[in-house]
Amino acid sequence: MMSRPRLGATGNMSKQNLPDRNQVIREQKEGRGRKVLGVLPIHYPKELLTAMDVLAVEIWGPPGAPRSAQVGRLQSYVCAVARNALAFVAGGGADLVDGFLYPHTCDSIQGLATQIPDFGGAAGKAALRYRSPKGKARPSLRRYLREELARLAREIEALTGRALDPERLRWSLGLHHRIDSVRAELLDGRARFGGSDAELYGILRRGECLWPEDHLSELERVAERLEPGPVQKGTPLLVSGIVPEPMEIFDRLADAGAYVAGDDYAAIGRRVVREAPDLEGDPLDALAARMLAAPPCSTRSSDLGERLAHLDWLRERGGCAGVVLHTVKFCEPELFDVSGIRSHLASRGLPLLVVEGELESELSGQVVTRLEAFVEMVAAARGNP
């Protein structure tokens, strides 16, 4: 019988210069004395975990992993992120973590907070919940979020045995703002980066498990490679969706003559906060304000009009000639927005390709053909066949 893959084995992702997650966990636990949380997608207060010396290791499925019998515990119409995560953890794939953090992203992720402990793989491990606010930012929402962050901090204190230090939280806010600033620089400067999309996204996604200071050092080295002017050739596209899996999509777009000039993935661009935090006042207030300043996202029930305006901003900023919406099948929050996005882009005469997947280890031939035909059509419309 084949052994169960651990956190270091993540299907197609392992080919994109991503670290061995088990090795990272051991180094942080044994070498740095840090606690480690396995974090389910998508939005969570990573700044708080960093301030309290907790390493976040994100569990995106994982894609392409062999499925244990526990995958059958969820209905076939539940998204693959939740189904694969349950099978992965129940099969022992995350045994090294000290606990799990479950953001209230959707019904499926919320359900895992009880299903994972019930079905094995998490016996004796902490189960923390983060109840993310939904809808437009308003004073009541900020007050709620501040109280929720304080509650979560108390749970982390119980896990680590350390009290939250306000100065340490201010330091963490500054650190993560620097990380987001460099990530924004790389995403905005994609046309000036001589490497491939696959290389760039492999580096960006290393932040899903690296200690933030280590990730910042890597990002800064990559940012030094940006050229003074554009070096990319081909058709510039805006890519949106939940998570770029399989990562092969970037190679196939490149083969077709396109590159990603704008990013709205929930796992990438929608977590880049460009607004600088206020480090003078209450750091929990500053953290709440920072989280509410994130780009619009379907999983936070953001206003559709705000999301459409954000997509227009990304598209114009990158000079994108078309949009690929690459989402996970049965992801209800994201699928609710698809109709509005389709109508909005059609009213502007912009081509859209919607691709659904289930975190396969590789793209199907049919999807590859659709990507190739879409890029060819967009290129022809630009007068650059």
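## A walk through the cavities and cores

On a 1 Å grid over the protein atoms alone, a cavity is a set of points where a 1.4 Å probe fits but cannot get out, and lining residues have an atom within 4 Å of a point. The largest cavity holds about 500 Å³ of space, a volume being the space filled by probe spheres set on the points, which are joined across faces, edges and corners. Its lining divides into 16 nonpolar, five polar and 10 charged residues; here Ala, Val, Leu, Ile, Met, Phe, Trp, Tyr, Cys and Pro count as nonpolar, Asp, Glu, Lys and Arg as charged, and the others, Gly among them, as polar. Helix α6 gives the most to this lining, with four residues; helices (H or I, at least four residues) are DSSP runs numbered from the N terminus.

A word on what you are looking at. This is a predicted model, in which local features need pLDDT of at least 70 and side-chain atom pairs count only at pLDDT 80 or more, while totals for chains, interfaces and linings use all residues. Residues are numbered from 1 along each chain as its sequence is written, and side-chain values use heavy atoms, with hydrogens and water left out. The mean pLDDT (the predictor's confidence in each residue, from 0 to 100) of the chain is 91. Over residues 1–15, however, pLDDT stays under 50. Where pLDDT is low, the predicted coordinates should not be read in detail.

Next, find the largest nonpolar core, which has 79 residues, with Leu112, Leu186, Tyr201 and Leu371 making the most contacts inside it. Such a core is a set of buried Ala, Val, Leu, Ile, Met, Phe, Trp, Tyr and Cys residues joined through side-chain atoms within 4.5 Å, where buried means under 20% relative accessible area and exposed over 50% (1.4 Å probe, protein chains only). Beyond four places in sequence, Leu186 touches Leu200, Leu204, Leu219, Val222, Ala223 and Leu226, a contact being heavy atoms within 4.5 Å.

Finally, turn to Glu376, which is found in helix α13 (residues 365–381). Is Glu376 buried or exposed? Glu376 counts as exposed because its relative accessibility is 57%. Glu376 and Ala256 are 120 residues apart in sequence, yet 7.4 Å apart in space, C-alpha to C-alpha.

Note on methods. Helix = DSSP H or I, 4+ residues; strand = E, 2+ residues; numbered from the N terminus. 1 Å grid on protein atoms, 1.4 Å probe; cavity = no way out; pocket = protein on both sides within 12 Å on 5 of 7 lines; lining within 4 Å.
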